Amino acid sequence: MFVDKESILIKAGDGGDGITSFIRYKGVANGGPDGGDGGNGGSIVFVGSRHKTSLLDFQFKHKYFAENGSKGDTKNCTGKCGEDLEIFVPLGTVIRDKESGRIICDIFYDGQKEVVLEGGKGGKGNKKFCTSRRHTPHFSQKGEKTEIKRVVLELKIIADVGLVGFPNVGKSTLLSKISGAKPKIANYHFTTLSPNLGVVRHNEEDFIVADIPGLIEGAAQGAGLGHEFLRHIERTRMLVHLIDVSGVEGRDPIDDFAKINAELKGYSEKLAELKQIVVLNKADIYGAEENVKAFKKKYGKKYDIVVVSAIIGEGVLELLDKVSATLKELPPVKPMEFEAFTYEKKSDDQFEIYRDDDGAFVVVGPLVSLLERNVVLNDTDSLAYFQKTLRDKGVIKALRNLGAKEGSIVVIGEIEFDFVD
């Protein structure tokens, strides 16, 4: 089963909590602080693998969460960092942020690694909160929490040549003749329900050919299977356009050629501009000769045209010669050019204030998350740190500017207190 688009949830590991601990040994009941830091959480890393051919694995598993960091330990021991989670995807996989639709990365090379989400930082143990005035801090910091993100994986096959054309024109047959691919072949429409790849060796050189199924009139607007698979020829260097020149099904080869090109243009101007070699297939069938003459008369000056009978192999070597010579003149396949989207961590200084229905001043934002990690309500030193941070970061001033007066209720996370000016 071929799967080329899936949506999954990813989450980097949370950071481990720092701990509050004091040295204890014989003769000293309560020595200095020795609480260690928490370990960092694991990151989400996407890795390109040439052994993967589709996104089938992601159809059955949709959640990928990295390991959390462990909490710190006594004797200033840092907790174990969470393991990075490596997610292996086929070459050609484009990863997008679901919400914005923007591209995060393009996995193009075998072994390529892209860190999409970084693990949360471990919290500081109480040892790190020692100062010249605070010798025995009875508080430590919680680990940084990470958020779940939804991303879309979209496979765009990396191939040198894309085979296009209406159903039942002989694309699968041709691919089986020129490569080791063994696509299912039968004499009815929509035989191929997924792209097939074949490696062709000709004149001591190799190139990859992709059979793109499902093109019908209206494909670029979503008709049939074409819209789902047109993405796979976006990376190709050139196209081989197959036409059933026999006319035995009552189709007009010239009309078919124009319609497929219209679909390519409707999907992407770039596709319409790709170099094309036109293959007039089924030329051995009675009556095809007149259609060949008519087609060459109309398009012979604009396109390279090769007449073949794929089922018996006639004309195939001439086609491979033309394809091989054309590829030598074209630039190699390259990764997509895009402005990468990254999940940025907000500054710990950021905050916002709003009034709730009861008139209380509610402070929200990354600064609040930082304070929730750092503050222990029943510790005097910790509360002093809390008040100093509010002053230093401008929260007290902002509350005054918004009309907070003596006795006004202020809510910061789970902490509620009366404002004192």
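**Values set against their cut-offs**

Visitor: Why does Lys-75 count as exposed?

Guide: The relative accessibility of Lys-75 is 68%. Exposed means over 50% relative accessible area, buried means under 20%, and partly exposed lies in between, with a 1.4 Å probe and protein chains only; Lys-75, at 68%, is therefore exposed. The model is a predicted one, in which local features need pLDDT of at least 70 and side-chain atom pairs count only at pLDDT 80 or more, while totals for chains, interfaces and linings use all residues. Residues are numbered from 1 along each chain as its sequence is written, and side-chain values use heavy atoms, with hydrogens and water left out.

Visitor: Where is Lys-75, and what is its phi?

Guide: Lys-75 belongs to the loop between S3 and strand S4 (85-90). Helices (H or I, at least four residues) and strands (E, at least two) are DSSP runs, numbered from the N terminus. The phi of Lys-75 is positive, about 60°, although the residue is not a glycine. Most residues other than glycine have a negative phi.

Visitor: Which class does Asn-168 fall into, buried or exposed?

Guide: Asn-168 has a relative accessible area of 14%, so it is buried. This residue sits in the loop between strand S9 (161-164) and helix H2 (171-178). Asn-168 also has a positive phi, about 70°, without being a glycine.

Visitor: Why is His-62 called partly exposed?

Guide: The relative accessible area of His-62 is 35%, so the residue is partly exposed. His-62 lies in the loop between helix H1 (57-60) and strand S3 (63-65). Contact means heavy atoms within 4.5 Å; leaving aside neighbours within four places in sequence, His-62 is in contact with Glu-6, Ser-7, Ile-8 and Leu-9. Between His-62 and Glu-6 there are 56 residues of sequence separation and 8.6 Å in space, C-alpha to C-alpha.

Visitor: How do you know that the span of helix H6 agrees with its number of residues?

Guide: The expected span of a helix is 1.5 Å times one less than its number of residues. For the 12 residues of H6 (residues 288-299) this gives 16 Å, and the end C-alpha atoms are 16 Å apart, so the two agree.

Visitor: Which residues of H6 are buried, and how do you know that they share a side?

Guide: Ala-288, Val-292, Phe-295 and Tyr-299 are the buried residues in H6. They cover an arc of only 70° around the axis, which puts them on the same side of H6. The arc is that of the directions from the helix axis to the C-beta atoms. Turned away from the buried side is a face with the exposed residues Glu-289, Glu-290, Lys-297 and Lys-298. The cover over the buried residues of H6 includes strand S12 (238-244), helix H4 (253-267), strand S13 (275-281) and strand S14 (304-307).

Visitor: Why are H4 and H6 called oblique to each other?

Guide: Their packing angle is about 45°, with the axes 9 Å apart. Angles under 35 degrees count as roughly parallel, over 145 as roughly antiparallel, 65 to 115 as roughly perpendicular and the rest as oblique; H4 and H6 are therefore oblique. The contact is made by Pro-253, Ile-254, Phe-257 and Ala-258 of H4, together with Asn-291, Ala-294, Phe-295, Lys-298 and Tyr-299 of H6. By class, 7 residues of this contact are nonpolar, 1 is polar and 1 is charged. Ala, Val, Leu, Ile, Met, Phe, Trp, Tyr, Cys and Pro count as nonpolar, Asp, Glu, Lys and Arg as charged, and the others, Gly among them, as polar.

Visitor: What makes the buried residues of H7 line one face?

Guide: Val-316, Leu-319, Leu-320, Val-323, Ser-324, Thr-326 and Leu-327 are buried in H7. Seen down the axis, they fall within an arc of 165°, so they line one face of the helix. The face turned away from them carries exposed Leu-317, Lys-328 and Glu-329.

Visitor: Which residues does Glu-205 touch?

Guide: Not counting residues up to four places away in sequence, Glu-205 touches Val-200, Ser-324 and Lys-328. Glu-205 is in strand S11 (residues 205-211). At 34% relative accessibility, Glu-205 counts as partly exposed.

Key. Axes fitted to C-alpha atoms, helices over the stretch in contact; angles between N-to-C directions.
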